[in-house]
Amino acid sequence: RNMKDTFGIAIGSDWNILPNQLTLRAGFMYESGSTKDEYFSSFLYDNHKFSPTIGLSYTIDFARIDFSFAHVHQIPVNVKNGQYKQYNLVYPEKAVATNNGKYKLFYDFIGIGANFTFH
């Protein structure tokens, strides 16, 4: 699939709004893409990603409830020289690229958790 090495970096912090009760978290993540433009397809969509994140924890007595949200945005790609070919056995010289086109993607993650501590 002609993929390349990737790297990522993430940074974040948390703030105790109400000590031992309410905590706010925020962060940001970047990850480089593994797919070269000419090999992009709907099957292999992995470009540079940026993601702001936010979270909240609420603690009461023996329980902590956590909520988190991340929005991941991938940089759009316009493939003009696609290398995935649809071959025709009768006319192999007329193979056409099937992955040319514009690709745009974003997605969201939502997390909800609970932690219980019994003494």
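Phe40 and Tyr45 are both buried in this predicted model. Their rings form an aromatic pair.

One aromatic cluster consists of Phe7, Phe28, Tyr30 and Phe50. Phe28 and Phe50 also belong to a nonpolar patch on the surface. Ile11 and Ile75 complete that patch. Together, the four residues have about 360 Å² of accessible area. Ile11 sits in strand S1. The relative accessible area of Ile11 is 63%. Ile11 therefore counts as exposed, since the cut-off is over 50%.

Strand S1 is part of an open sheet of five strands. The strand order is S1-S2-S3-S4-S7, and the pairing is antiparallel. Strand S1 (8-18) and strand S7 (101-116) are the edge strands. Each of these two pairs on one side only. From one strand to the next, the twist averages 10°.

Within the sheet, strand S2 spans residues 22-31 and strand S3 spans residues 49-60. These two strands run antiparallel and are joined by 10 bridges. Thr23 has Ser57, in S3, as its bridge partner.

Note on methods. Residues numbered from 1 in each chain as written. Predicted model: local features only at pLDDT ≥ 70, side-chain atom pairs only at ≥ 80, totals over all residues. Heavy atoms only, no water. Pairing = 2+ DSSP bridges. Helix = DSSP H or I, 4+ residues; strand = E, 2+ residues; numbered from the N terminus. Axes fitted to C-alpha atoms, helices over the stretch in contact; angles between N-to-C directions. Patch = residues over 30% accessible without salt bridge, like charges linked within 9 Å, V, L, I, M, F, W, Y side chains within 5 Å. Areas by Shrake-Rupley, 256 points an atom, 1.4 Å probe, with all protein chains shown as cover. Salt bridge = Lys/Arg side-chain N within 4 Å of Asp/Glu carboxyl O. Buried < 20%, exposed > 50% of the residue type's maximum accessible area, 1.4 Å probe, protein only. Phe/Tyr/Trp six-rings, centres within 6.5 Å; stacked < 30°, edge-to-face > 60°.
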